[in-house]
Amino acid sequence: MWTWFFQLASPPHFYRMAGSLVPWLLWPALLLIVIGSWGGLVQAPADYQQGDGYRIIYVHVPSSYLSMMVYVTMAVAAGIGLIWRIKLAHAVAASCAPIGATFTAAALVTGMLWGKPMWGTYWQWEPRLTSELILLFLYFGYMSLRSAFNDLNQSDRASAVLALAGVVNVPIIHFSVLWWAGLHQGPSISKIDAPSIAFDMLWPLLVMILGFTLFFLGVLAMRVRGEVLEREFHSRWAQDVLRGASPMEAG
Amino acid sequence: MNLGLGNLFWVVLQRDLLVAMRRWSDICNPVIFFVLVVALFPLALNPRAEFLRALAPGVLWIAALLAALLSLNQLFRADIEDGTMEQLLTLPYPLGLVILAKTLAHWLVTGLPVVVVAPLLAITYHLPADAIGILLLSLLIGTPTLSLLGSIGAALTAGLRQSGVLLALMVGPLMLPVLMLGARATDIALSGDDPTGPLYLLGALLALALSLAPPAAAMAIRISAD
Amino acid sequence: MARRRGGGFREVDLLTGTGLTLWRGANCLFDALSFSAAPGNALLIRGPNGSGKTTLLRVIAGLTLAEEGEVKWNGTPVIGCDNSGRHLMTYCGHATALKPELTTMENLRFFARLSGYPIRQIGELLVASGLAACADLPTRVLSAGQKRRAALARVFMSGAQLWLLDEPQTNLDSAGRQFLERMLQEHLAGSGTAVIVAHQSIDLGAAPVTVLQMGEAA
């Protein structure tokens with residue numbers, strides 16, 4: 001188990017493994033997203049209150065779920081990198097940030113598009129949208145701290161501390177936003193956890209969430225490969241890869 | 001070495017206060033900035049009494065948060081530049097305690113004056129006396145939390161040349177719960193309801209920050225000084 | 001690449017570094033560097049500019065993290081979650097750690113309280129270091145050499161067994177250098193250990209000296 005783990009953490013092995021993993025993640029992701037989209041956009045019935053407008057949840061919910069998941073993944077990777085001094089973990093954390101920020105932005109945009117038919121306005125200071133907005137700021141803070149350092153080692157460790165501080169704060173921010181919103185609007189109508197959602201509407205959502213998650217993992221593997229290659233630029237295996245040889249022979 | 005931990009805390013605190021006393025602008029600038037921001041709103045918006053009263057909790061809290069963000073940049077910077085931090089880092093004592101003493105000194109010098117001046121400014125916003133009391137209390141519990149959260153960001157950016165905006169961008173979102181709770185508590189008192197709920201939550205956040213922020217900032221300052 | 005010269009390994013060595021490796025970007029500052037220093041011994045780190053002398057000293061002080069290898073002080077790694085490994089060690093870098101707003105006396109009193117040095121003896125120390133006249137001046141107005149003397153007085157006050165000095169002779173006049181050498185000789189004679197980054201020659205009296213040559217010039 002441990003030898004396998006350390007082998008995985010060695011850059012050339014990871015580079016090779018992640019490379020062969022990418023198609024196994026991205027093709028199923030595409031398949032699931034196509035099935036989920038068909039289920040959500042064609043097969044599921046229209047909502048009796050919201051009509052067809054609700055169908056954007058098939059993008060909004062997976063995006064907002066992943067925006068949080070990616071942050072947690074990033075913080076866990078950063079923590080592993082900080083405690084056990086594993087460089088690969090820092091590379092994973094660094095690669096998570098832009099993906100997470102993109103999912104957060106997607107959740108915000110789809111939330112706003114949904115808001116137009118629901119509230120008649122694109123923006124409402126509603127707890128979920130507000131939380132997503134704050135989360136976007138957390139991602140921006142992380143990425144700009146990361147880019148502020150010249151020394152990669154320092155940048156890795158400093159941004160790891162920030163990610164850990166952020167992940168402790170995410171639930172606090174979430175609950176205080178809920179509390180704050182409850183104060184103004186009375187009990188807020190939660191759009192997402194509707195009391196009972198019909199099975200016809202539910203299964204495409206679950207399929208989409210799974211598809212988005214695989215898509216995230218596939219993109220993450222691709223980004224980490226690039227990140228590792230950049231970090232190991234001077235090593236022999238990376239030079240060999242760049243010249244087109246297989247990293248296996250070089251590693 | 002023969003120095004108790006309480007003594008260590010006191011020695012560091014005393015020295016930081018002494019240094020601050022010799023640099024008056026460090027003490028005055030944040031509180032002057034606070035007054036300035038609060039004075040901007042009636043000028044830019046509308047000086048009608050009932051309008052200002054509704055605005056007061058939010059405006060005073062935002063101004064306090066901005067004053068805290070601006071002053072935090074200096075928390076560890078001078079120590080890193082003049083080599084004091086190297087000495088503190090090689091002490092055979094827990095670094096978190098040293099950081100806590102420095103953060104407390106920083107709050108006493110920059111945060112406390114803001115808390116003291118806030119009730120005076122609240123009067124110019126026509127806030128009733130009981131709401132002013134709650135405002136004072138919420139600032140007294142909330143601004144130390146801001147300083148503690150900020151100490152993490154200040155420690156992370158202490159070695160960087162240009163860090164003012166970066167620090168605000170990093171720490172600002174982390175400070176939002178304190179802002180929401182503090183401003184809301186005053187707001188609730190203004191509308192005549194019982195504000196103890198948010199005040200307790202503010203207290204809980206202070207306790208959490210007291211226990212978690214100093215070790216995190218200590219880890220961060222080791223990285224910055226590397 | 002750096003190489004170790006002289007001085008063999010002994011288990012009882014107070015200060016040991018083993019297999020230290022550190023890269024700065026694409027530059028290798030040192031690779032598998034090892035050294036040791038026993039009580040009463042001085043370790044002189046020499047080498048051209050940019051050969052990683054200061055960085056090595058910071059690694060020994062536990063201020064900088066080496067990528068591989070470890071520095072042990074009395075058998076305890078210097079980098080740990082608690083600071084216990086830093087016991088009885090003092091570091092004196094390029095920065096003097098003096099607050100320009102405080103007087104020389106106030107600055108030294110702070111470090112005396114931290115290290116348990118008797119406050120009443122600071123006056124004598126100021127006389128010995130030639131700083132008696134500036135005791136009540138803010139260190140802002142001191143010359144670079146006077147600040148260096150104050151920093152060395154702090155090293156003396158620390159009472160540490162291990163002194164880590166980064167180019168301690170910088171800015172010192174001949175009287176200042178004599179003060180430094182006297183201090184060091186006394187420290188080593190009392191079975192203290194010193195690691196010194198030095199460009200100029202330094203008279204350490206009878207104490208055994210190991211030279212650690214850094215950089216390609218070795």
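Start by selecting chain C: of its 218 residues, 43% count as buried (buried means 20 or more other C-beta atoms within 10 Å of a residue's own, exposed means 12 or fewer, partly exposed lies in between, with C-beta atoms placed from the backbone). This is a predicted model, in which local features need pLDDT of at least 70 and side-chain atom pairs count only at pLDDT 80 or more, while totals for chains, interfaces and linings use all residues. Residues are numbered from 1 along each chain as its sequence is written, and chains are lettered from A and ligands numbered from 1 in the order in which they are written.

Now colour by pLDDT, the predictor's confidence in each residue, from 0 to 100. Chain C averages 84, and 88% of the residues score at least 70. Residues 1-12 of chain C fall below 50, yet beyond near neighbours in sequence this stretch has 22 contacts in the model (a contact means two C-beta atoms, placed from the backbone, within 7 Å). For the complex, the predictor gives an ipTM of 0.91 and a pTM of 0.89.

Switch to cartoon. Chain C has five helices and ten strands (DSSP runs numbered from the N terminus: helices are H or I, at least four residues; strands are E, at least two). Pick strand E4(C), residues 42-46: E4(C) runs parallel to E9(C), residues 193-197, with four bridges, and pairs with E10(C), residues 209-213, also in the parallel sense, over five bridges (pairing takes at least two DSSP bridges). Click Ala42(C): its bridge partner in E9(C) is Ala194(C), and in E10(C) the partner is Val209(C).

Next, go to E7(C), residues 89-92. Met89(C) and Tyr91(C) point one way, Thr90(C) and Cys92(C) the other, and all are buried. In a regular strand the side chains alternate between the two faces of the sheet. E7(C) pairs in the parallel sense with E8(C), residues 162-166, over four bridges, and Tyr91(C) stands opposite Leu164(C).

Select Ala220(B): leaving aside neighbours within four places in sequence, Ala220(B) contacts Ala158(A), Val161(A), Ile152(B), Ala155(B) and Leu156(B).

Finish between chains A and B, where each chain gives 21 residues to the contact. On chain A, helices H5(A), 127-148, and H6(A), 152-185, each give two or more residues, and H6(A) supplies the largest share, 13 residues.
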